[in-house]
Amino acid sequence: MAITSQVCNHRNVLKIIGCCLEFQFPTLVYECETSIQVLSNGLYEVDRSSDNLTLAWETRLSIANDIASALVHLHTGFSTPIVNRNLKPANIIIEQNGVAKLVDFSLAIRIPPGEFQVEDIVVGTYGFAEPEYVATGIVTVKTDVYAFGVIMLELLTGKRTVDANRGGSHLDNLVKIYANKDQLNKVVDAGMIGDGIGVDQEQQFRAFVELALRCVEEKREDKPEMKGVADELRRIRRSVDAN
């Protein structure tokens, strides 16, 4: 609750009102519109019914920009960085005006003053938890960068990062295969591209994929900082707006 109250003044973090103690466990109360959408509801192709509307590319890019902005705030807006550790579509809501916001900082942790990492028990969600963190228990801001890269790949493809129908293979491996073959049309969410991918849109998709794959690089030193990720997403967004 302490961390949530500190970060919730940001435009892309759901605002907390207080805490209710009338339940078995303390429950956080958020300021929330009557009409919201949880990103995980309707994002995945396999879950959609015929009357579900597919999120447009511009909407998905806007969501990525919003969440990147929130993460930059967490990582750089305080005296010591805050790492969310539980980034996933189920913890992202889309308000009626289209603004995406982070919710649930129950697993968030601070990096101690003067340090770049902290060791703690491994928590989070399989598929979104950074492999190096899972193996060592050491948290850095790159732990969030990895999870954000996974979210980017899910936004682009409409597929879950781990799917039993792919034999448990992670989504980044599938995307790499088609990206290397210049066949992004075979992995981009079919409901988003309609009759095909134009030249400009293909360039935007490729830039988005390349950025996402950098975020999920195996070595932490090869992952970008969230500030750089946010800057590149804004560049892609400007390219979309220009067309």
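Helices (DSSP runs of H or I, at least four residues) and strands (runs of E, at least two) are numbered from the N terminus. Axes are lines fitted to C-alpha atoms, for helices over the stretch in contact, and angles between N-to-C directions run from 0 to 180 degrees. The structure is a predicted model, in which local features need pLDDT of at least 70 and side-chain atom pairs count only at pLDDT 80 or more, while totals for chains, interfaces and linings use all residues. Residues are numbered from 1 along each chain as its sequence is written, and side-chain values use heavy atoms, with hydrogens and water left out.

The axes of helix α2 (residues 57-76) and helix α4 (residues 142-157) come within 10 Å and cross at roughly 175°. Helix α2 is therefore roughly antiparallel to α4 (angles over 145 degrees count as such). On the α2 side, the contact (heavy atoms within 4.5 Å) is made by W57, R60, I63, A64, I67, A68, L71 and H75; α4 contributes D144, F148, L155 and L156. By class, this contact of α2 with α4 has 9 nonpolar (Ala, Val, Leu, Ile, Met, Phe, Trp, Tyr, Cys and Pro), 2 charged (Asp, Glu, Lys and Arg) and 1 polar residue (the others, Gly among them).

An open sheet is formed by 3 strands in the order β3-β5-β6, with antiparallel pairing (strands pair if DSSP finds at least two bridges between them). Strands β3 (36-38) and β6 (100-102) stand at the edges with a single partner strand each, so one side of each is left without a neighbour in the sheet. From one strand to the next, the twist averages 30°. Strand β3 is joined to the antiparallel strand β5 (residues 92-95) by 3 bridges, and V38 stands opposite I93 in β5. Helix α2 lies across β5 and β6, running at about 35° to β6.

Definitions and conventions. Angles under 35 degrees count as roughly parallel, over 145 as roughly antiparallel, 65 to 115 as roughly perpendicular and the rest as oblique.
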